[in-house]
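Subject: Structure handover

Hello,

Here is the structure I promised you. Please open it next to this email and follow along.

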Amino acid sequence: MHAASGNAAAGIATAVEVQFRRAGRTLVWDGRDSSLLDFAERHGVAVQSGCRSGSCGSCETAVASGTVSHAVKPDHHVPPGHCLLCVGTPGSALVLDA
């Protein structure tokens with residue numbers, strides 16, 4: 001379990017499964033959303049959010065498995081094993097505690 005920081009190019013280009021464990025939903029990321037937050041909202045998965053720019057930490061989510069790339073270096077400190085949905089994209093198949 002870990003969440004990696006990186007640039008948007010580090011995100012995965014192929015379709016991967018993203019499981020929102022608490023919501024009980026497993027969806028396929030196809031790369032058309034700019035972030036995991038946009039992806040969750042488009043599919044009706046309720047997640048916390050605030051600034052939408054990596055500053056406030058409202059969307060901080062535990063990553064049970066897989067990797068997340070952050071499009072920009074978040075201003076909010078992201079502890080190991082967590083990601084910010086608002087600036088994150090999958091680096092691999094994911095299981096999120098959301």
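Where does Ser-35 lie? Ser-35 is in the loop between S2 and helix H1 (36–42). Helices (H or I, at least four residues) and strands (E, at least two) are DSSP runs, numbered from the N terminus.

Before the rest, some ground rules. This is a predicted model, where local features need pLDDT of at least 70 and side-chain atom pairs count only at pLDDT 80 or more, while totals for chains, interfaces and linings use all residues. Residues are numbered from 1 along each chain as its sequence is written, and side-chain values use heavy atoms, with hydrogens and water left out.

Back to Ser-35. Its relative accessible area is 2%, so Ser-35 counts as buried (under 20% relative accessible area, with a 1.4 Å probe and protein chains only). Ser-35 touches Trp-29, Leu-85, Cys-86, Val-87, Gly-88 and Thr-89, leaving aside residues up to four places away in sequence. Contact means heavy atoms within 4.5 Å.

Now the sheet. Five strands form an open sheet in the order S2-S1-S7-S3-S5, with mixed pairing. Strands S2 (25–29) and S5 (82–84) are at the edges; each has a single partner strand, so one side of each lacks a neighbour in the sheet. Two strands pair if DSSP finds at least two bridges between them.

Look at strand S3 (residues 60–65). S3 pairs with S5 in the antiparallel sense over three bridges. Thr-61 has Cys-83 as its bridge partner in S5. Ala-62 has His-82. S3 also runs antiparallel to strand S7 (residues 94–96), joined by two bridges. There, Ser-65 stands opposite Val-95 of S7.

Best wishes

Technical notes: Buried < 20%, exposed > 50% of the residue type's maximum accessible area, 1.4 Å probe, protein only.
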